[in-house]
Amino acid sequence: MCVWDAEAVRRALRLYLVMGSVNTTRDPVEVLRQAIAGGITMFQFREKGTGALAGEVRTALALRLREVCSQHGIPFIVNDDMELAVQVEADGVHVGQGDADAALVRARIGEGRMLGVSAHSALEARRAVQAGASYLGVGPMYPTRSKADAHAVLGPAGVAELRAAGIAVPVVGIGGIAPDTAAAVMAAGADGVAVISAIAGAADVRAAAAQLAAITLGEQA
């Protein structure tokens, strides 16, 4: 299993797609394929919300998405389910402040997998790092409708404040990010951006991913 050092995590975070079946009206597997073709660098399976899959059907979708990621060398992260992550041999787990305890998750998944933790303040960030976080998800950067329980908007200043407080671990900005706002998040000190609807909800998934990749990866779309 790959050991995810900080630089490897920073590279993976550049363009991070978060998606479950409820975030698209199309086949999530095909959406993921198109997003990878457009340039995403990491994927998180987040199957939450009204109409979310459960049980064997959820596991089956996770396995299909995991296989696509494996075929293309894209790290595959599971949201808030360490047992599913272990079952499908995911590259890591991401937990929010109201999810499973980060230290317990780290103990369960071992040192060879990434652990992402949502943080909204320097205090939460420090606690996450002490618990073994590989990276922090900071947000929301802007108003978002993708998460019904979203925290109050922090804006790019939230990332800048963490950096000013000495938080040096990899950071990804999330929440309401679009092509016209991604650069500001990166400029504030984020290593990448995480998006849901900006890619999963786009009419042309590949083009939407490529547009964001041109900003976060510094490449021409």
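Helices here are DSSP runs of H or I with at least four residues, numbered from the N terminus. With that naming in hand, α7 is followed by Gly166, a residue whose phi is positive, near 90°. Keep in mind as you look around that this is a predicted model.

Let's stay with α7 for a moment. The helix spans residues 156-164, and its buried residues are Pro156, Gly158, Val159 and Leu162. These residues sit on the same side of α7 because they cover an arc of only 160° around the axis. Turn to the other side of α7 and you will find Glu161 and Ala164, which are exposed. And what covers the buried residues? The cover includes two helices, α6 (122-131) and α8 (182-187), along with the strands β6 (135-138) and β7 (171-174).

Those two strands lead us to the barrel. Eight strands form a closed barrel with parallel pairing, in the order β1-β2-β3-β4-β5-β6-β7-β8. From one strand to the next, the twist averages 25°. In general, strands of a sheet pair through backbone hydrogen bonds, in either a parallel or an antiparallel way. For a close look at one pair, take β1 (residues 15-19) and β2 (residues 42-45), which are joined in the parallel sense over four bridges. Within β2, Phe43 is the residue that Leu17 stands opposite.

Helix α3 (residues 55-72) lies across β2 and β3 (76-79), and its direction is at about 175° to β2. Further along, helix α5 (residues 102-109) lies across β4 (92-95) and β5 (114-119), running at about 170° to β5.

Note on methods. Residues numbered from 1 in each chain as written. Predicted model: local features only at pLDDT ≥ 70, side-chain atom pairs only at ≥ 80, totals over all residues. Heavy atoms only, no water. Buried < 20%, exposed > 50% of the residue type's maximum accessible area, 1.4 Å probe, protein only. Arc of directions from axis to C-beta. Contact = heavy atoms within 4.5 Å. Pairing = 2+ DSSP bridges. Axes fitted to C-alpha atoms, helices over the stretch in contact; angles between N-to-C directions.
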